[in-house]
Amino acid sequence: MPLGLIRHGFRGGRRPRRALPPAVGLRPRYDVAIIGAGGHGLAAAYYLAKDHGIADVAVLDKGWLGGGNTARNTTIIRSNYLTPEGVRFYDESIRLFRGLSGELDFNILYSERGHLTLAHTDAALRTMRWRAEVNKHLGVESEMVGLDGLARLCPHLNLGRDVRFPILGALHHKPGAIARHDAVAWGYAIAAARRGVEIHQNTEVTGILTEKGRVTGVETSRGRIACGKVLQAVAGSSSLLATMAGFRLPIHTVPLQACVTEPLKPFLDPIVVSGSLHVYVSQSARGELVMGGPTDPYALYAQRPTLEWKEGLAAPMLALFPFLAEVRVLRQWAGLADMTPDFSPIMGLTPVENYYIDAGWGTWGFKATPVCGKRMAETVAIGKPPAPIEPFALDRFAAFRQLGERGAASVGH
Amino acid sequence: MKILHCPLNGPRNISEFVCGGEVVEMPDPGAATDADWSDYVFGHENARGTVREWWFHVPTAYWFIAERDTGTDEILRTYPASEIFGRVPP
């Protein structure tokens with residue numbers, strides 16, 4: 001028994017380090033207001049203060065810090081996308097994620113596991129070869145593996161032929177990782193607050209104030225504030241906020257459900273995704289199996305899980321891992337996914353001057369948290385989007401320059 | 001199981017249906033600008049609250065209109081499309 005530890009515990013005079021400064025009142029004016037204190041909004045606030053010296057920032061959230069989709073995703077990080085624009089963007093995110101625990105002095109439990117996308121049809125194999133070639137061309141580690149390779153990488157996977165859709169091969173993406181999502185939000189929040197950013201929770205934005213097509217402030221449940229620039233980063237409520245600002249988005253919002261099982265001994269190293277069976281699974285640091293599937297079939301703002309969805313998840317999951325039949329589900333939830341027509345996000349300028357948007361993060365938002373925060377901070381600071389996120393502009397739809405990422409979405413939606 | 005009342009087939013499991021999206025009016029092809037068209041093709045109202053949508057009963061290939069609340073996941077009313085688009089002349 002470490003007596004030193006006990007003695008340390010009884011010694012008085014120490015106070016736990018306070019993560020965030022106590023809540024303060026809203027000031028009448030800020031240089032920048034960020035709507036949404038999720039991972040993206042907090043990351044943008046952090047990089048605004050750190051990279052651009054803009055610390056007169058208020059981050060506003062109707063709920064609590066990281067309480068929206070930041071805490072409702074399945075924490076998968078990967079860059080094995082299909083379009084060169086997408087691959088480059090997510091690859092930058094992975095590189096930022098790797099150093100994030102050190103940079104924020106906050107352990108985000110970043111854990112590189114490798115990511116396997118299973119193919120059960122020839123068509124799926126073709127798309128994966130395409131993804132592997134695009135990835136390798138851009139320096140991202142993705143390789144096709146056959147059944148031998150799969151048996152080595154994931155020995156527990158059922159590679160038998162006695163299932164309806166036997167596995168034919170897989171796309172192996174070595175940098176695939178998971179991290180603790182709350183820690184990412186808290187890490188950014190603490191680091192941003194240390195640099196002078198104010199985080200206002202329970203502060204709902206109820207209106208966007210504009211004058212001659214330019215944003216001048218926001219109306220909140222705690223009063224009106226004036227600001228030079230506004231960034232909206234409110235996955236799940238993007239259309240509602242855009243409507244307040246006076247424009248429409250090519251987004252429909254659907255619930256994305258997920259669940260975790262009771263903790264098991266560590267057995268599943270890689271993240272396993274089956275696009276054809278519409279399921280994915282990884283094992284968390286706690287031993288829980290984090291499982292997800294397709295989005296709900298119709299637009300909805302209700303964060304409710306359904307029995308039908310779990311039934312639809314369980315059957316294919318048992319085809320992949322038959323021994324999970326007796327394992328119980330521990331928690332279930334739903335997040336709100338802002339789906340875009342081309343399965344790519346929307347970042348950059350809006351029809352309202354000085355009002356910037358970070359939206360359309362459907363089922364791919366968590367993995368982009370650092371890079372999106374960094375690049376949106378740059379956009380807000382210099383007033384125009386930097387080259388890497390230029391292709392993701394809102395006006396790409398009017399110009400019919402979509403970035404089709406459907407083939408690289410984790411599961412069919 | 002969530003039930004949706006099909007105007008043709010009565011109460012059925014919602015898994016038999018496909019949502020066809022918001023009821024929107026097509027802009028006049030002769031007069032619409034490029035911006036009007038792209039908004040028609042890609043834009044969504046995506047409202048929280050009561051919406052009016054096209055729904056499709058897959059087994060019988062029947063399109064109809066449903067009004068539902070996207071905040072509470074309640075189906076408020078379903079009816080044949082002819083109710084809002086006028087009856088087909090005999």
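Let me start with one pair: A:Y30 stands opposite A:C227 in β12 of chain A. Before I go on, a word on the source. This is a predicted model, where local features need pLDDT of at least 70, side-chain atom pairs count only at pLDDT 80 or more, and totals for chains, interfaces and linings use all residues. Residues are numbered from 1 along each chain as its sequence is written, and chains are lettered from A in the order in which they are written.

Back to the strands. Six bridges join β1(A) to β12(A), residues 223–232, and the two run parallel. On pairing, the rule is that DSSP finds at least two bridges between two strands. β1(A) also pairs with β2(A), residues 57–60, again in the parallel sense, over four bridges. There, A:A33 stands opposite A:A58. Strand β1(A) covers residues 29–35, and five of its seven residues are buried. Buried means 20 or more other C-beta atoms within 10 Å of the residue's own; exposed means 12 or fewer, and partly exposed is in between, with C-beta atoms placed from the backbone.

β1(A), α2(A) at residues 39–52, and β2(A) make a right-handed β-α-β unit. Right-handed here means that, with the strands pointing away from the viewer, the path from the first strand over the helix to the second runs clockwise.

Zoom out to the whole chain. Chain A has ten helices and 19 strands. These are DSSP runs numbered from the N terminus: helices are H or I with at least four residues, strands are E with at least two. Of its 413 residues, 51% count as buried. A compact globule with 413 residues would have a radius of gyration near 22 Å, and chain A agrees, at 22 Å. That radius is taken over C-alpha atoms, and the globule rule is 2.2 Å times the number of residues to the power 0.38. Along the principal axes, the C-alpha atoms fill a box of roughly 70 × 65 × 40 Å. Among contacts between residues at least 6 apart in sequence, 77% join residues at least 24 apart. Contact means C-beta atoms, placed from the backbone, within 7 Å.

Next, helix α3(A), residues 84–98. Its 15 residues should span 21 Å at 1.5 Å a residue, and its end C-alpha atoms are 21 Å apart, so the two agree. The expected span is 1.5 Å times one less than the number of residues. Its buried residues include A:F89, A:Y90, A:I94 and A:F97. What covers the buried residues includes β3(A), α4(A), α5(A), β8(A) and α10(A).

Two of those covering elements, β3(A) and β8(A), also sit in a sheet. Three strands form an open sheet in the order β3-β8-β4, with antiparallel pairing. β3(A) and β4(A) are the edge strands, each pairing on one side only. β4(A) and β8(A) share two bridges. A:E112 stands opposite A:A177 in β8(A).

One loop residue. A:A71 lies between β2 and β3 of chain A. It counts as partly exposed because it has 18 C-beta neighbours inside 10 Å. Beyond its neighbours within four places in sequence, A:A71 is in contact with A:G66, A:H181 and A:D182.

Last, the interface. 19 residues of chain A are in contact with 15 residues of chain B. α8(A), 238–245, and β13(A), 252–261, are the elements that give two or more residues to chain A's side. That side divides into 13 nonpolar, three polar and three charged residues. Nonpolar is Ala, Val, Leu, Ile, Met, Phe, Trp, Tyr, Cys and Pro; charged is Asp, Glu, Lys and Arg; the others, Gly among them, are polar.

Definitions and conventions. Two residues are in contact if their C-beta atoms, placed from the backbone, lie within 7 Å.
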